[in-house]
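Work through the exercises below with the model open. Each task is followed by a solution in steps.

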Amino acid sequence: MSPTTPGLHHVTAIAGDPQENADFYVGTLGLRFVKRTVNHDDTGTYHFYFGDEGGTPGTNITFFPWSDRGRQGEFGAGQTQATAYLIPTDSVDYWQDRLESAGLAVDRTERFGEPVLGFSDPDGIRLELVAPGDDVIAESDATPWEDGPVPTEHQLRGFHSVTLAVSEFGPTATILTDVLGYELEAEDETGADTASSANRRRRYRSAAGGPASVVDLVETDAGRGRMGVGTVHHVAFEAADLDEQAQWREAYAEQGLSPSEVIDRKYFQSVYTREPGGVLFEMATTGPGFTADEEYEELGSSLVLPEHLEDERERIESQLPAFDGPEVASTDE
Ligand code: ZN
């Protein structure tokens, strides 16, 4: 029996313009820019990480901005339909105002009794802010960003969930329950959730039950999606350490899947597996975290490269697209 993950570690998506991407996640959503590096597998592309003040696992959304290629993705089965962050109950009105003031179309609904604000980022990536209640917020490990543009009491508190679109529940559900330790918690078969293209939704929660412990599955009639700008690349679940990660590698293999070798991502160790519904799942270790190569106060302030790429820094920097760092308006307190 493999271990039970506490839930999401990070979510990685493909953006277009790096400047617009950073301005939105920092300036509008108030996340801290905790790491500025390159895609280790494609050094002509930035890799940006946005999270809470310390980049705590369970708070980080990361991007590969593909500004030079611009291949637009297409939403469909085998993809993440929405990525949801937690907000306090008293912050729902604040966020609706803040997002609408930024010119975003906000869809305010309720799902399984929880208020949800739905909207899209500049590249069309679907995001949600969910207010499940202050007992959940109290459990969040997220550290508010003292110098951020959003008052600390309203800041995002890490992930609530991801919603994965699949052509049928079964194969992906089996991986969630038999490999990762999730349990079916609720179902909506009524089609009442008109906010999504799909109308059957099942909610799974990790038996370890932390704040980032929810995965929703929706069934969609859409064909297979195509990865590109405006789509999520992969969803990472948290593994406490290499030993747990090794147990999941084995459990995936027992399901007939082909997990990757362990890859050193500098801030965590990663194993990737394409689950049978088509979504790329990563198992990422909790540590060592973003202070592995920068001081806490300096996180995200300059381009950092893994040691093996330092010799090529000049060439790498010259090939990256224009980017000035996120623009942050003064705090509106
Ligand atoms: Zn990842």
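**Exercise 1.** Determine how strand E11 (residues 200–206) is joined to E12.

Solution. Six bridges join E11 to E12, and the two run antiparallel. Strands here are DSSP runs of at least two residues, numbered from the N terminus, and two of them pair if DSSP finds at least two bridges between them.

The model is predicted; local features need pLDDT of at least 70, side-chain atom pairs count only at pLDDT 80 or more, and totals for chains, interfaces and linings use all residues. Residues are numbered from 1 along each chain as its sequence is written, and side-chain values use heavy atoms, with hydrogens and water left out.

**Exercise 2.** Find how strand E9 (residues 159–166) runs relative to E12, parallel or antiparallel.

Solution. E9 and E12 run parallel, joined by six bridges. Ser-161 has Val-214 as its bridge partner in E12.

**Exercise 3.** Explain why E12 (residues 214–219) is largely enclosed by the rest of the structure.

Solution. Buried means under 20% relative accessible area, with a 1.4 Å probe and protein chains only. Six of the six residues of E12 are buried, so the strand is largely enclosed. Val-214, Asp-216 and Val-218 point one way, while Val-215, Leu-217 and Glu-219 point the other way.

**Exercise 4.** Which residues coordinate the zinc ion?

Solution. The donors are His-10 (NE2), His-234 (NE2) and Glu-282 (OE), at 2.0 Å. Donors are N, O and S atoms within 2.8 Å of the metal (3.2 Å for Na, K and Ca); water is not among the atoms, so sites may look incomplete. His-234 is buried at 5% relative accessible area, and Glu-282 is buried at 0%.

Key
Buried < 20%, exposed > 50% of the residue type's maximum accessible area, 1.4 Å probe, protein only. Helix = DSSP H or I, 4+ residues; strand = E, 2+ residues; numbered from the N terminus.
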